[in-house]
Amino acid sequence: MLLHVPDILDREQLHRMRAALDAAEWTDGRETVGTQGAQVKRNRQLPDASPLRRQLGEALLAALAGNPLFHAATLPRRILPPRFNRYEGGGEYGMHVDGSVMALPDGEQLRSDISCTLFLSEPEDYDGGELIISDTYGEHAVKLPAGDAIIYPASSLHRVQPVTRGARVAAFFWVQSLVRDDGCRRLLFELDASIQRLVATGADRAAVLQLTGTYHNLLRRWAES
Ligand code: NI
């Protein structure tokens, strides 16, 4: 499922994050990829060990925790601490796949079910820089307002188009979901959205209760802990 999650950061959070990132020291983005990725990746990142990365990552995780749409769509089990990148001067990231298993800071591992990119630059401030996601329906070009995120299956091939003017700053991270299968997760997301709508429009309470029970029983059936 490819989903646009708007307004994860408000104006003030965005402004503070951008000010800190604009003054930051960046390093070669190839620090965090294998040899295949290194051949096609041309961007810069906050160093993994940088205190700023940790601080901004924690602020972003707190914002995600308070976002009901993000939660309903991803059903997060664990989230890799966010990283931050910057593309400019023709920087790009050619077609690639993301690693399937990643190391968490506590020594545990994360299975990457869902890839997330949160845009931190306004689309009019740069040319190019679209995230192109390839799935069974073809290619999708994604370029969102600052503060908005796209979530998509981590199994997808994807790339970032060259940035030919300005700078594209973004955060990126991966989620291991309680529900591993993208199709099952999507059914739960759609059922949840229908229940919310029935509640908001004052539908029959007993029927809503039964559907809510069905949602939780499916989640109980599919959730891995
Ligand atoms: Ni990627």
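Strand β16 gives the most to the lining of the largest pocket: four residues. Strands here are DSSP E runs of at least two residues, and helices are H or I runs of at least four, numbered from the N terminus.

Ground rules. This is a predicted model, where local features need pLDDT of at least 70 and side-chain atom pairs count only at pLDDT 80 or more, while totals for chains, interfaces and linings use all residues. Numbering runs from 1 along each chain as its sequence is written, and side-chain values use heavy atoms, without hydrogens or water.

Back to the pocket. Its lining has 29 residues, with V33, Y93, H96, V97 and D98 nearest the centre. A lining residue has an atom within 4 Å of a grid point; the grid is 1 Å, the probe 1.4 Å, and a pocket is an open set with protein on both sides within 12 Å along at least five of seven lines.

Now the metal. Which protein donors hold the nickel ion? They are H96 (NE2), D98 (OD) and H158 (NE2), lying 2.1 Å from it. Donors are N, O and S atoms within 2.8 Å of the metal, or 3.2 Å for Na, K and Ca; water is not among the atoms, so sites may look incomplete. D98 sits in the loop between β7 and β8, and H158 in β15, so the pair ties together parts 60 residues apart in sequence. D98 is buried at 14% relative accessible area. H158 is buried too, at 3%. Buried means under 20%, with a 1.4 Å probe and protein chains only.

Last, the sheet. Five strands run β3-β7-β15-β12-β13, open and antiparallel. Pairing needs at least two DSSP bridges.

Terms used. Buried < 20%, exposed > 50% of the residue type's maximum accessible area, 1.4 Å probe, protein only.
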